[in-house]
Amino acid sequence: PMPSDATLRARLGEVLSQIINHTEVTKSVNKNNGDHSILFEAVNLIIHYGEECEARLRDPAVKLLSRFISVREPNIRYLGLDTMSRIAHLGSAKEEIKKHQNAILYSLKDNDVSIRKRALDLMFAMADRSNATEVVKELLQYLAKADYTLKGEMVLKIAILAERHAPDYRWYVDTLLSMINIAGDFVGDDIWHRAVQIVTNHNDDGLQRYAAHVMYEAVKQSSAHEAAVKVAGYVLGEFGYWLNEEDEDGLGGAGGGGAGDDDIPTVSGAEQFAALRQHLPRVSDATKALLLSTFAKMQNLYPELAPGVRDVLTSFSAVMDTELQQRAVEYLTLPRLGEDAVAAVLDPMPKFPERESQLEARMRRDRADKKDGDRWGDDTAAGDGGADDYDAVQAAYEAEDNPSAKGRLLSALAQARDPALITRTLDYALGPQVRRQDSAYLVARVARNPAGRLAAWEYVTTHWATFEERYGAGGFAFSTLVYAVTAGFDSAERLAVAEAFWAAHPPSGVEVDLTEALESVHGHMQWAAAADGDLGLQGVCAWLEAR
């Protein structure tokens, strides 16, 4: 605890001030390491005392940490980001931290995944109502390029920030849809459940009608992600009627309107039904069950849809899945039970009870799990171990439900150094246990592993027809794969092989990434050929040998 005696507090403050303001970098590496260890412990003590500590100590501590997050040395940057993310929880320090947002964003793009994670933690900690829209915008831009091991955590944090600091709930809905479009596979049920709770409980400024409009526009596209279909199924089933009602000017949406509603066109119940129905053949059974309930509600609102809805329900009344079959039969039978029964089942959902966000609770659980130690968070679990360790990581991946944790486990498999395990990983990537969207990322991780670089290239070129069929339309997974398997080489021989293959099999939609990968190979060759200077190959080898 903070000393209660004023004299002791003053002396403690002087010591901390001396450490923070007068620690200098010297030519001695050992002395610098010792000084930095004392310095970071002093900052940790300031964080521990929190608001009890004087502002004259907190502000210099933040300024000092801002220098550390800008240096090239990765260990110092990591410590700076980690410590700054903890001091950001002190409200009085947050304003000073915001001044260094550009440096933090730069670290979010670092090659070292541990630095990227700490930068993400800091971005999350420093966000508040004044800068949340900018922070969320930056995180969404990075989400499109982020490694899949980070995407699950990023989606959760963006969802929490969007809810905590939304300037209005329309912006929140737009942010949710952007997340689905960019990383829909990582938008879990808890995230979209929270979104429909917010839309159900708040109709300020015509939120429900606006949500119905944007979700209808999303699922009109045949390529809409299944997460978008789920949200649209609920929202259109409950609030789609806002789009079907015309106001006095004929512009749609009687009642519940808000600013800018004149731009929202009227959409008939038949159009809404058709937009959702087109997705039935490709979505999961859980989503099909949700859509059956949506169609039943639509039939109750729009009698003209009865034949189409009845056809859908009849087609599901004999399917193998017992839950879908039972639901379809119950909805077919419901009209015979009378208006009271129909009203009891199909009336609009009431508001959800106000309670703590499940996303916030999940965030706390994840933090607690990290404090207890993440058994599989270290990539060396499968990389340094043998077949038994590899099998354990693989089994943990198949049993895991959390997308972020599954990503870390796949990353661990990709670090295997044994040729037999590398071959297993590559075959596993195209197997049924790995989601199609994750296969390309897993192979890319193997390609970034020096022990697996050549094996990944040979595997992709041998199975090119399969990869092209899966990802040939372009997209982030395809661009990541093409870049990763090409960019790691450093010899003229391998460059010639790569150029010949890509000339014969040009990948569509990722031409820029392929060009950058080949330029990277040229850069590696030039560096390896450099004989002079401290930064040439010989200079680096001499530096390593001396240490």
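In this predicted model, helix α4 (residues 74–87) and helix α7 (residues 113–126) have axes that come within 8 Å and cross at roughly 25°. Angles under 35 degrees count as roughly parallel, and α4 and α7 are therefore roughly parallel to each other. Their crossing is left-handed.

The α4 side of this contact is P74, R77, Y78, L81, D82, M84 and S85. Facing them in α7 are S114, I115, R118, A119, D121, L122 and A125. Sorted by class, the contact of α4 with α7 has eight nonpolar, two polar and four charged residues. Among the residues in contact are R77 and D82 of α4, and R118 and D121 of α7.

Helix α4 also packs on helix α3 (residues 55–68). The angle here is about 145°, and the axes lie 8 Å apart. This crossing, too, is left-handed. From α3, the contact takes R58, A61, V62, L65, S66 and F68. From α4 it takes I76, R77, G80, T83, M84 and I87. The class count for α3 with α4 is seven nonpolar, three polar and two charged residues. R77 and M84 of α4 meet α3, and R77 and M84 are also listed in the contact with α7.

Another helix pair is α11 with α12. Their axes are 8 Å apart, at an angle of about 140°. That angle makes α11 oblique to α12. The crossing of α11 past α12 is left-handed. I198, V199 and T200 of α11 meet L207, Q208 and A211 of α12. This contact has four nonpolar, two polar and no charged residues.

The class counts of the contacts are set out below.

| α3 with α4 | seven residues | three residues | two residues |

Rolling a probe the size of a water molecule over the atoms shows where empty space is left. The structure holds three cavities of 30 Å³ or more. The largest cavity has about 60 Å³ of space.

Which helices supply at least two residues each to the lining of the largest cavity? They are α10 (169–183), α11 (189–201), α12 (207–219) and α13 (226–239). The lining residues are Y172, V173, L176, A195, V196, V199, A211, M215, V231 and V235. By class, that is 10 nonpolar, no polar and no charged residues.

V199 and A211 line the largest cavity. V199 of α11 and A211 of α12 also take part in the contact between those helices.

Technical notes:
Residues are numbered from 1 along each chain as its sequence is written. This is a predicted model: local features need pLDDT of at least 70, side-chain atom pairs count only at pLDDT 80 or more; totals for chains, interfaces and linings use all residues. Side-chain values use heavy atoms; hydrogens and water are left out. On a 1 Å grid over the protein atoms alone, a cavity is a set of points where a 1.4 Å probe fits but cannot get out, and a pocket is an open set with protein on both sides within 12 Å along at least five of seven lines; lining residues have an atom within 4 Å of a point. Grid points are joined across faces, edges and corners, and a volume is the space filled by probe spheres set on the points. Helices (H or I, at least four residues) and strands (E, at least two) are DSSP runs, numbered from the N terminus. Ala, Val, Leu, Ile, Met, Phe, Trp, Tyr, Cys and Pro count as nonpolar, Asp, Glu, Lys and Arg as charged, and the others, Gly among them, as polar. Axes are lines fitted to C-alpha atoms, for helices over the stretch in contact, and angles run from 0 to 180 degrees between N-to-C directions. Angles under 35 degrees count as roughly parallel, over 145 as roughly antiparallel, 65 to 115 as roughly perpendicular and the rest as oblique. A crossing is left-handed if the near helix is turned anticlockwise from the far one by less than a right angle, and right-handed if clockwise. Contact means heavy atoms within 4.5 Å.
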